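Dear colleague,

Please find the structure below, handed over for your files. My notes on what was found in it follow directly after it.

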Amino acid sequence: MRRFALALLLALCVPAFGEQKTPPPPTPPRPIPWPAITEKKLDNGLTVVMAPLASVPKITTELTFLAGRGTEYRTHPGLAQLAGRVLTEGTNGRTSRQLKEELRSIGGSMSVSVDDDATTITASALSEFSPQLFDLLGDVARHPAYAKSEVALARSNFASEIEEERSTPDFVAEEQLDKAIFGRHPYAFVVPEPTEIEKVTPEQLKAFAGARYVPNNAHLIIVGDFDPAAIYDQAQKAFGSWQRQPLAAEATAVPPRRDKRQIYFVDRPSSVQSTIAIGALAMPRQSPDYMSLRTAHMIYGGAFYSRLTLNIREAKGYTYSPYSQVNLRRRSGSFSANAAVRNEVTGPTILEMLYELDRMRVAPVTKEELDAAKTYSIGGLSLELESQAGMASRINSIYTYDLARDFLQMFQTRLDALTPDDIQKAAAKYFDTYRGAIVVVGDYGQVKDQIAPFGDVVVVKH
Amino acid sequence: MRLRMFLLCAAISAVAIGKPVTVPVVYYRLPNGLKVVISESHAAPTVTVALYYGVGFRVEPKGRTGFAHLFEHMMFQGSANVKKMEHAKIVESNGGNLNGSTRLDFTNYYETLPSDRVETALWLESDRMRSLDVSEENLKNQKNVVSEEVRVNVLNQPYALFEWLDIWQSANQNWFNAHNFYGDLRDIEAAKLDEVRQFFKTYYAPNNAALVIAGDVSPDAVRALVEKYFGDIPLQSVPERPDVSEPRQTKEIRLKQTDKLATVPALALGYHLPDQNSADYAPMVLLDLILQGDESSRLYQRLVKEKAISVDWSGGINFELGNEFDYDGPMLLVSRTTYKPGHSGDEIVKEVDAIVLQVQQQGVTKKELTDAKVRFRSNFYDQLESTMGKAHLLATFALFHDDPAQINKVLDAIDAVTLDQVQSVARKYLVPENRTAIDRVPEKKEAK
């Protein structure tokens, strides 16, 4: 009895011990301390953007050229990708091996990615070695050697990688979906055929680099633990004397507007799952619909607590990790919903994925869903402050897609303005699977009867 | 003259090391045995709450492969005050992200959120530690989900994670190290609800766990919250750990597999490693970096660049599962390479032996060792950068060594390694009789 009384007394003095039935009340939202971003332009046209972020004594840089993988893909498939990958394999003054050894000695890394719109060299090192890092980055960007032997090796390794990637169902589904959505647009191009790579010569690569990897076609993002004035000097030293070049106009092409749903089945015998991707054409990244489509996607399949996961994972147990994605680029974009499921539930899964897409289109989301999606989005953006690489890539997107420079600062305000009606409108416009594509990668013999009810099927050879 | 040069270099490199990074560590135990680590940092307005339980798939029940991982899924199926999926709903609607994972020697549950929501995360974790609430229906659902996870990550993929799952099963003899960690689908299907409840009762005790709060918080305020939510969860008796030791390997193991889904051949190698607490360990960590740590490394340069046999080269300690510190038991050093058709796994093994022989006979160069230390430091900072990365190291040092402050001693141990030590561990451990090799080639397709 006494003990009981004592416990009660304690309960009054300090917050209650033991089981608490409800979550702690939410605290009011706080402003996010975005780093101070400084933008400068060198005389040769190179945009330099600096954002100090002292999470660890390191520095991360992204040097981006607006030259996507689809550049010249009709005449020279794979040229842009090879030009990017051989960049780090030697310069006029350094062999590939010297370059990698120098990187090692500064705790550095350097890699090149080539996506739909851009070629980006991402390089990082310990902060104390930033002068060496800029020296290497400048050399790689300005004086790539494209030595015969390195080009030959890269061609052969690229061909093997393509073969390997095409044995994984996710890659095959993504490649087929891009082809289906973008048709004759350069965004339909993902990788060349292995046999086409053999035709690319060192001379072509040099010419490509000379025309595209130029300062007036580039921006340099620098994030990390540094003094901006000193870092700007180092960037100027590495890139100041680089000559601007006349730029070729970006090829224009209009992605096809489809007038009915089409199913593409990639037959991959021995598959124990069907890998499903349902997609449709969306819009460029700059579109004013960005915030509403992004939020619709969060509610549909962009979070763990989303309609897609609740349905086909937690209620039905069809799949492990369903998701949706919004992939918006400079000139166009796409939306897709994805899941990998055991063969016997292929049809039922497609039915539920389509049902959830249509539900977003015909009825408004609840206020609770929308509020949760807003907090999740802004919280997620603030988590990017935990990583120099994450911030660099976020800031880079502002320049690659030429967004408003106050994108980060205005994000919360734009998010707050969204209503359930905005979300429904975006879904109605962009979740339109009646004019979209359904891609299934799997064992056709085993699941074909489950696919037929959803539309016309084209069987694609794997 | 040479001596003076050397001294000068040493002085310069001491300056060049840059700002030291010290991770703040507050460490204590609650009376119920829960280990608590608080690490304050204000680089970002975020916090990670990570709860690590001292049980992983290594010691899961025999006949129930994959059970530790299936159980991890059940921890998201509800507790007394948090219904199925509400955990995710609450974390995400507070602006955070969440996950759980099962590894060799621990299972973790974590959320990273805006730091003003730290109390919410502590409430959520305490509720499921005190009152897991599972049902037949939820178990059936998660058996399906986990089976799909095994299919999507293993059975429907070329190579089927052979560099992890198959290498461990082939290189080891003790069942605890040599079973299918992801799980046989039949074992997953056979799991029973009372086994789930029993596993919870046995291992998910405060005295078998470490709770880390890392990020933009004040240690005093967090301490009070930890007391509030975890202070009265009763301690339980946790069974003694089974013997997970591995008999010494005496003969090389060479295996060949065929793969229905792969189109390009691949090879995986595994060497047994010295104990984490032995003097051989830090030299081994650096030797791994020198041999395969990046594109300047000896194996990459020889196999990918000079000989052009391999298309890629990767590997490491606790490869694909963790890092050099986050385990407690026998471990392998693994290499994995995809190679060009027309070559063979044997050819690659021969090249590896030639590279290793060079190190065994002549050692590595002074520059390689200095650079490897810089490389290690840089990689280590990458791990410390995010609040979750830091929480992960703190939790495993607390769980396995009862000393999270070891996080601040790692770099000193690495910096102390000598050339002789590196040469000596190459001789001792990188020998064929300590190795397992699996050559995995595409199954020949019949002409259609």
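In strand S3 of chain B, Thr46(B), Thr48(B), Ala50(B) and Tyr52(B) point one way, while Val47(B), Val49(B), Leu51(B) and Tyr53(B) point the other way, and all are buried. A residue is called buried if 20 or more other C-beta atoms lie within 10 Å of its own, exposed if 12 or fewer do, and partly exposed in between, with C-beta atoms placed from the backbone. Since 8 of the 8 residues of S3(B), residues 46–53, are buried, the strand is largely enclosed by the rest of the structure. Helices (H or I, at least four residues) and strands (E, at least two) are DSSP runs, numbered from the N terminus.

This is a predicted model, in which local features need pLDDT of at least 70 and side-chain atom pairs count only at pLDDT 80 or more, while totals for chains, interfaces and linings use all residues. Residues are numbered from 1 along each chain as its sequence is written, and chains are lettered from A and ligands numbered from 1 in the order in which they are written.

S3(B) has two antiparallel partners to report. It is joined to strand S5 (residues 107–114) of chain B by 8 bridges, and Leu51(B) has Tyr109(B) as its bridge partner there. With strand S6 (residues 209–215) of chain B, S3(B) pairs over 7 bridges in the antiparallel sense; Tyr53(B) stands opposite Ala209(B) in S6(B). Two strands are taken to pair if DSSP finds at least two bridges between them.

In chain A, 6 strands form an open sheet of mixed pairing, in the order S9-S10-S8-S11-S7-S12. Strands S9 (323–328) and S12 (457–461) of chain A stand at the edges with a single partner strand each, so one side of each is left without a neighbour in the sheet. From one strand to the next, the twist averages 20°. Strand S7 (residues 262–267) of chain A runs parallel to S12(A), and 5 bridges join the two; within this pair, Asp267(A) stands opposite Lys461(A).

Helix H10 (residues 290–302) of chain A packs on this sheet, touching S9 and strand S10 (333–342), and its direction makes about 160° with that of S9(A). From the other chain, helix H5 (residues 136–155) of chain B lies across strand S8 (273–281) and S10 of chain A, at about 110° to S10(A). Axes are lines fitted to C-alpha atoms, for helices over the stretch in contact, and angles run from 0 to 180 degrees between N-to-C directions.

The contact between the chains takes 65 residues from chain A and 68 residues from chain B, where contact means C-beta atoms, placed from the backbone, within 7 Å. On the side of chain A that touches chain B, the largest share, 8 residues, comes from helix H13 of chain A.

Helix H12 (residues 346–362) of chain A has buried residues that include Ile350(A), Met353(A) and Leu357(A). Seen down the helix axis, the buried residues of H12(A) fall within an arc of 165°, so they line one face of the helix; the arc is that of the directions from the helix axis to the C-beta atoms. The face turned away from the buried side carries the exposed residues Tyr355(A) and Val362(A).

Finally, Pro192(A) lies in the loop between helix H6 (169–182) and helix H7 (194–197) of chain A. Pro192(A) is buried, with 23 other C-beta atoms within 10 Å.

With kind regards

Conventions
Two residues are in contact if their C-beta atoms, placed from the backbone, lie within 7 Å.
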